[in-house]
Amino acid sequence: MSIELPQAHYDLSITRDLGNGLLFRWSSSEDTEELVYLNSMVFRDSVDAQPNTNQGNLVRELMSGRHPLMGPRDFAVIEDTRRAEHRIVACTCFWSQAWEYEGIHIGLGRPEIVATDPAYRNRRLVSALFEEIHARSEAQGDLVQGITGIAYFYRQFGYEYALNLGGRSVTNLSLIPQAKEPEPYLLRDATEVDIPFIMSLYDRRRRESIVSSPIEEHWLHYHLKMWNVIETDDSWHLQILSDRAGTAIGFLLMPVVRWGRQADVFALEITPETNMQAVLPSILRSVAAQGVQLHAKPEAGPLSEISFNLGATHPFYSVLGSALITRKQEPYAWYVRVPDVPRFLRHIAPALERRLAESPLGRYSGELHINLYRGGLHLVFEDGRLKLVEPWRSPAYGRNEDAGFPPLVFLQLLFGYRSLDDLRFAFPDVQVKDEAELLLKTLFPMKPSWVLPIG
């Protein structure tokens, strides 16, 4: 039941008078240094700290026209027209990306780098920015918006925590075994020749997830070219792990900046025929050596750890084992917004139908009414196929819903972030009739997702 998504035109020349001299508009290349100024001042650790030069470098690069996710017209800004200088007082940027839901392409609009001059906070300026971000995203056919952000804040704009973000295991440098012979496995900088190899291993890892973030060739080309050219808080170093004969057996993804006492690894994939346990000591020693060479933020402190930020689950964690893992950190979460849930369900119908076909319910026929309290959903299945998804509202009398969820809480079930049993335990207003329980658990199982927050 996946359908072609209509697209509308969004006018980037739009402006909005917000009152008191405040004006919304989209950026142009002439705004680059003003955006650098605002972001480098906002993203500081304290009010008396120096400007954040790495953040400024990132903004300058995002505005350069070279970046794979955005260009100079993709910052939403609010300016105070009454100010003589530094007129941009709030901004966020708009990244066009894609996710996949069990192999089904999903357009994603991603607002990131949300900054407001402290003197202009608590005036609902971010709300105005997000209204236009959402309008632009939906006009280009995106079904979902997602953001990595500070606790609670983005719930105000229709977002819910619905996908794991991060999750890591940490080992101390003091635990790394010393080499007793020439290193059997080595790290080298990746090149463009390695792109098919990197993508094949990356895609193999993604197959385990409900939701995943494809890695695009143009993203790889960009970071292979730029990682050692400009230093930003979002620069990535791709490396190939090979044996001494030069045969590639895996890849690593590391940031070029060290933010704390740890060297971070955000992706690590090894070919399936390779003994990961045999490779482990070489990986640890190589990453530790690179960590010493990374540019460290002033507050980072001396290097003492390696942090493997590989998600909630990863086979490498088992190989590290309790002898090497000194601490773990559970995942944070992506904020996810789905403005039109019926449309999203129609789009992922092949995944829902596949789950039915592989379950005891098989070629199920029937209806499902889900009360979302401010609205609802009506689903109709015929012979295992999803024939209808439409908005629905529970009647005032003779209520006949099969289940009820607070509207944003339902997203946690939809994206496999929490199980039906977890939600029933946590939320008294998640209610399910006995006869609908198996159907809901079949359609919406809890399952890991792996969505890297890379830009």
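Residues are numbered from 1 along each chain as its sequence is written, and side-chain values use heavy atoms, with hydrogens and water left out. Because the model is predicted, local features need pLDDT of at least 70 and side-chain atom pairs count only at pLDDT 80 or more, while totals for chains, interfaces and linings use all residues.

**Stop one: strand β3**

Select residues 75-80, which form strand β3; here helices (H or I, at least four residues) and strands (E, at least two) are DSSP runs, numbered from the N terminus. In β3, 6 of 6 residues are buried, where buried means under 20% relative accessible area, exposed over 50% and partly exposed in between, with a 1.4 Å probe and protein chains only. In a regular strand the side chains alternate between the two faces of the sheet. On one side of β3 you will find F75, V77 and E79, and on the other A76, I78 and D80, all of them buried.

Centre on A76 in β3, which has W26 opposite and T92 as its bridge partner in β4. Strand β4 (residues 88-101) runs antiparallel to β3 and is joined to β3 by 5 bridges.

Now show the open sheet of 4 strands, whose order is β9-β11-β12-β15 with antiparallel pairing. Strands β9 (185-189) and β15 stand at the edges with a single partner strand each, so one side of each has no neighbour in the sheet. The twist from one strand to the next averages 20°, the angles here running from 0 to 180 degrees between N-to-C directions, with axes fitted as lines to C-alpha atoms, for helices over the stretch in contact. Within this sheet, β11 and β12 are joined by 7 bridges, and Q239 has L252 as its bridge partner in β12.

Helix α4 packs on the sheet, touching β11, β12 and β15, and its direction makes about 80° with that of β12; contact means heavy atoms within 4.5 Å. Colour the buried residues of α4, among them I195, F197, I198 and M199, and note that the partners they pack against include β4 and α5 (217-226).

**Stop three: helices α6 and α7**

Helix α6 lies across β9, β11, β12 and β15, running at about 50° to β9. The contact is made by M276, Q277, L280, I283 and L284 of α6 and by P315, F316, V319, L320 and L324 of α7.

Finish at S169, which is found in strand β8 (residues 168-172) and is buried, with a relative accessible area of 2%. Leaving aside residues up to four places away in sequence, S169 touches several residues, including I306, S307, F308 and Y317. Strands β8 and β17 pair in the antiparallel sense over 4 bridges, with I306 in β17 as the bridge partner of T171. In strand β17 (residues 305-308), E305 and S307 point one way and I306 and F308 the other way, and all are buried. Strand β14 (residues 262-265), by contrast, runs parallel to β17 and is joined to β17 by 4 bridges, with Q262 standing opposite E305.

Note on methods. Two strands pair if DSSP finds at least two bridges between them.
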